[in-house]
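Trainee: Before we look at the model together, could you show me how to read its features one at a time, with the general idea ahead of each case?

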Amino acid sequence: MNKAYLGIGTNMGNRFDNLSKACELLRDSDSIYEVKESKLYETKPWGYTEQADFLNMCVEIETEFEPYELLEYCQKIEEELHRKRIVHWGPRTIDVDILFFNDVVSTDERLLIPHPRIQDRAFVLIPLMDLNEELLINKKSIKEYLNLLSAKEIEEVKELVGYE
Ligand code: GSY
């Protein structure tokens, strides 16, 4: 059985519904077991900043999919949720990214694993910490990478509480 970590983000439409549906579709797959969810976080946009705030989370899954099969399934979820992305790094209804897949390293541009920008993004590192503090990127813990980010970036990631 394989273990993978996914990052999920949304800043268009009903963001809470988008995250819930993405998790539901992961659970619907016959090849995915044990979907463990992080807490939800409201986050300031990273990259292209003239856009609405995101809701972000990460999930840990156990799966029989191989990496490219999982990529296809993540893309299917994005299609199912009518992903719209007009501007590169701009607003989107849903983004489902593979962050880690066992300890696979893939340098294929269609599937870069570990995801190349994990260490720069508090909105990924913080939910990942909810799931597994032991994860390493280039032999450094995610906590060490978080310590390298500015306090402002960390502050911009607020846990979402009391959301129905
Ligand atoms: O793949 C990430 C999409 N994205 C996000 C995101 O999910 N959250 C935040 N806060 N900023 C982002 N910028 C991009 S691109």
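Mentor: Let us start with residue classes: Ala, Val, Leu, Ile, Met, Phe, Trp, Tyr, Cys and Pro count as nonpolar, Asp, Glu, Lys and Arg count as charged, and the others, Gly among them, count as polar. By that division, the shell around the ligand holds five nonpolar, three polar and five charged residues. This is a predicted model, in which local features need pLDDT of at least 70 and side-chain atom pairs count only at pLDDT 80 or more, while totals for chains, interfaces and linings use all residues. Residues are numbered from 1 along each chain as its sequence is written, and side-chain values use heavy atoms, with hydrogens and water left out.

Trainee: How many residues surround the ligand, and which are the closest?

Mentor: A residue is near a molecule if one of its heavy atoms lies within 4 Å of it. Here 13 residues surround the ligand, and the closest are Thr43, Lys44, Trp46, Asn56 and Asp95. As for secondary structure, helices (H or I, at least four residues) and strands (E, at least two) are DSSP runs numbered from the N terminus. Strand 4 (54–63) and strand 5 (95–101) each supply at least two residues of the ligand shell.

Trainee: Which atom of Asn56 lies 2.9 Å from an oxygen atom of the ligand?

Mentor: A polar contact is a pair of N or O atoms within 3.5 Å; within protein, one must be able to donate a hydrogen and the other to accept it, and residues adjacent in sequence count only if both atoms are side-chain atoms. In the case of Asn56, a polar side-chain atom lies at 2.9 Å from a ligand oxygen. For Lys44, by contrast, a backbone N or O atom lies 2.8 Å from a nitrogen atom of the ligand, and a backbone N or O atom of Trp46 lies 2.9 Å from a ligand nitrogen. Accessible areas come from the Shrake-Rupley method with a 1.4 Å probe, and for residues only the protein chains shown count as cover. The ligand has 360 Å² of accessible area on its own, and the protein covers 96% of it.

Trainee: How should I read the burial of helix 3, and how many of its 10 residues are buried?

Mentor: Buried means under 20% relative accessible area, exposed means over 50%, and partly exposed is in between, again with a 1.4 Å probe and protein chains only. Helix 3, residues 122–131, is mostly covered, with nine of its 10 residues buried; among them are Phe123, Ile126, Met129 and Leu131. In helix 1 (residues 15–28) you will find Leu26, which is buried at a relative accessible area of 1%. Leu26 and Val59 are 33 residues apart in sequence, and their C-alpha atoms are 9.7 Å apart in space.

Trainee: Which backbone angles deserve a look, and where is the peptide bond that is cis?

Mentor: The peptide bond from Ile113 to Pro114 is cis, with omega near -10°, and Pro114 lies in the loop between strand 7 (111–113) and helix 3. For phi, look at Asn138, which has a value near 45°, positive in a residue other than glycine, and which lies in the loop between strand 8 (136–137) and strand 9 (140–141). Lys139, in the loop between strand 8 and strand 9, has a positive phi of about 70° although it is not a glycine. As to accessibility, Asn138 is exposed with a relative accessible area of 64%, and Lys139 is exposed with 79%.
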